[in-house]
Amino acid sequence: VLGVVKKILVERGDEVIKGQTIAELESKVDEYTVELARARANDESTIQSAIAAAEHAKRELHRAKLMYTQKLVTQQFLDKAATESKVADSSLSQVRNQQAQARKELKLAQSRLGRSQINSPFDGIITERYVSVGQRVHTQPLVKIAKMATVRVEIIAPAEQFTQFHIDHTLTNTHLIQNQESRET
C-alpha cells in the first residue's frame, strides 16, 4: 500500500500475535472517502422520491385507462400516461442500481481504509524495523518478523564448556549468563 507511516506500534524484540496491528499509515483521505460513500449508500431520499413518482405515474395510467374506456380521453393521452409510467419505473430502477453501486463503493472505500493498518501475518518476534514515522512507503517491508515456533541456535563456546551442551538441550538466558559470569571470575 502506498502511504506515509503515521504510527509504528512495535519495536525490535517485541512479540506480536497474528492479526496484531504493527503500523498505521496516514488515512485521512480514505476516512473521508468512507464517510462520503456511507452518506451516498444510506441516502434513501432519492429512492423515496423515485418510488413516489412511479406510484403516481401508475395511478395516472390507471385513471387514463379508465377515462379512455369511457371515451373521455384520446389514445394520445393514454399513450402519454403509459410512457410516463414506464419512465418513472425506469428511473426507480436506475436509482436502485445507483444505490447498490454506492454500497459497493462503500465496501471498497472501507477496504482501502482497512489497508492503512498493517497487521502481523503470524505470531513471532520483531527482529528488524525498517521504517520510521513520516516515511513514505510503497512496496518495501516495514518490519521483519521471525516465527519462533522452532529456533535453531549455533553456539560458539570455549572447548572446556563443550560438554555442557547437548543436541535438543534447552538453554535459558540465566544459564548463559551464569556461564558468562563464571568465566569472567
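This report covers the strands, the sheets and the nonpolar cores of a predicted model.

## Ground rules

Residues are numbered from 1 along each chain as its sequence is written. The model is predicted, with local features needing pLDDT of at least 70, side-chain atom pairs counting only at pLDDT 80 or more, and totals for chains, interfaces and linings using all residues; side-chain values use heavy atoms, leaving out hydrogens and water.

## The four-strand sheet

Four strands make an open sheet in the order β4-β3-β1-β6. The pairing is antiparallel. Strands here are DSSP runs (E, at least two residues), numbered from the N terminus. Two strands pair if DSSP finds at least two bridges between them. At the edges lie β4 (117-119) and β6, each pairing on one side only.

β1 and β3 are joined by three bridges in the antiparallel sense. K7 stands opposite E24 in β3. I8 has A23 of β3 as its bridge partner. β1 also pairs with β6 (residues 136-137), antiparallel, over two bridges.

## The three-strand sheet

A further open sheet holds three strands, ordered β2-β5-β7. Its pairing is antiparallel too. The edge strands are β2 (15-16) and β7, and each pairs on one side only.

β5 (residues 124-129) meets β7 over four bridges, in the antiparallel sense. I126 has I145 in β7 as its bridge partner. As background, strands of a sheet pair through backbone hydrogen bonds, either parallel or antiparallel.

## The largest core

The largest nonpolar core has 13 residues. Such a core is a set of buried Ala, Val, Leu, Ile, Met, Phe, Trp, Tyr and Cys residues joined through side-chain atoms within 4.5 Å. Buried means under 20% relative accessible area, exposed over 50%, and partly exposed in between (1.4 Å probe, protein chains only). V10 and V143 have the most contacts inside this core. β3 gives the most, with three residues.

V10 touches V16, Q20, I22, I126, R129 and V143, leaving aside residues up to four places away in sequence. A contact means heavy atoms within 4.5 Å.

## A separate core

Another core lies apart from the largest one. This core has eight residues, among them I51, A54, L92 and V95. In soluble globular proteins, nonpolar side chains tend to be buried together.
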